[in-house]
Amino acid sequence: MGRNRALHEALKQLDRSVPTADEMTRSEYLCPDGKAQIDVLLREDTPLFDPLTYGRQRDLDGAIYELIDRKLYTIPLKYPVRVCFHGPRLAEREQQEVRDVLREHYLYALRDKKEDLRINQVKAILLGLFGAALLSVYFALEIIATNPVFMEFLSIAGWVAAWEAVDCWLLERKDLRLDYLCVGQAAMCEVTFQTEPDGN
């Protein structure tokens, strides 16, 4: 028991030493203009575009999206975001292509998140109506019911459906809404380029 208490106290101390997302953003990402900047280093051997894509389907290398997503996770939604690519000089046409592809990627993701929210809403409404219908039948038949097993099934099914509707609306929807806002933050990010001649 004493060992558990010591571990618990040590974890509390450790938790107090970890900076909040806001503190970390201010120290690592925040620029004087109030934007949180995510820096992406492009070396000569770093693939900018996915080598398997071309033409109108050209896309950025997956590692770039992974880096941006990982960094965005720590930046609070209140900060506008800028993605700054550091590395060899890119032609203006290539810079614009990077901006367009990045924006398109997150706009499609935003559309997916919006559809997830719509599906969640429909699911919550249908479960709520189904639960209400089952419980209405249960209460209507309760007086004249001769089959207690069937009545118990109606009651359980009605309450489960009602609870699932509440869970969908209050808990699941909160996570989906947060995902939607995070992707929206990425979709609206500014994209800039800074030349680093040696790529370091």
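Phe-150 is partly exposed, with a relative accessible area of 40%, where buried means under 20% relative accessible area, exposed over 50% and partly exposed in between (1.4 Å probe, protein chains only). The structure is a predicted model, in which local features need pLDDT of at least 70 and side-chain atom pairs count only at pLDDT 80 or more, while totals for chains, interfaces and linings use all residues. Residues are numbered from 1 along each chain as its sequence is written, and side-chain values use heavy atoms, with hydrogens and water left out.

Phe-150 is found in helix 5, helices being DSSP runs of H or I with at least four residues and strands runs of E with at least two, numbered from the N terminus. Together with Val-137, Leu-141, Ile-143, Ile-144 and Phe-153, Phe-150 makes a nonpolar surface patch of about 620 Å². Helix 4 (92–141) and helix 5 (148–187) each supply at least two residues of this patch. Patches are made of residues with over 30% relative accessible area and no salt bridge, like charges being joined within 9 Å and nonpolar side chains (Val, Leu, Ile, Met, Phe, Trp, Tyr) within 5 Å.

Two aromatic pairs are counted, the rule being that rings of Phe, Tyr and Trp (its six-membered ring) pair if their centres lie within 6.5 Å, with planes under 30 degrees apart taken as stacked, over 60 as edge-to-face and the rest as tilted. Tyr-65 and Tyr-106 form an edge-to-face pair, at 6.1 Å centre to centre and with 80 degrees between the planes. Because Tyr-65 lies in helix 3 (residues 62–72) and Tyr-106 in helix 4, this pair ties together parts that are 41 residues apart in sequence. Phe-85 and Phe-193, by contrast, are stacked, at 5.4 Å centre to centre and 20 degrees between the planes. Phe-85 lies in strand 2 (residues 81–87) and Phe-193 in strand 3 (residues 190–195), so the pair ties together parts that are 108 residues apart in sequence.

The structure also holds eleven salt bridges, each defined as a side-chain nitrogen of Lys or Arg within 4 Å of a carboxyl oxygen of Asp or Glu. One of them joins the side chains of Arg-58 and Glu-97 (3.2 Å, N to O). This pair links distant parts of the chain, with Arg-58 in the loop between strand 1 (36–41) and helix 3, and Glu-97 in helix 4, 39 residues apart. At 17% relative accessibility, Glu-97 counts as buried, whereas Arg-58 is partly exposed at 27%.

Notes:
Accessible areas come from the Shrake-Rupley method with a 1.4 Å probe; for residues, only the protein chains shown count as cover.
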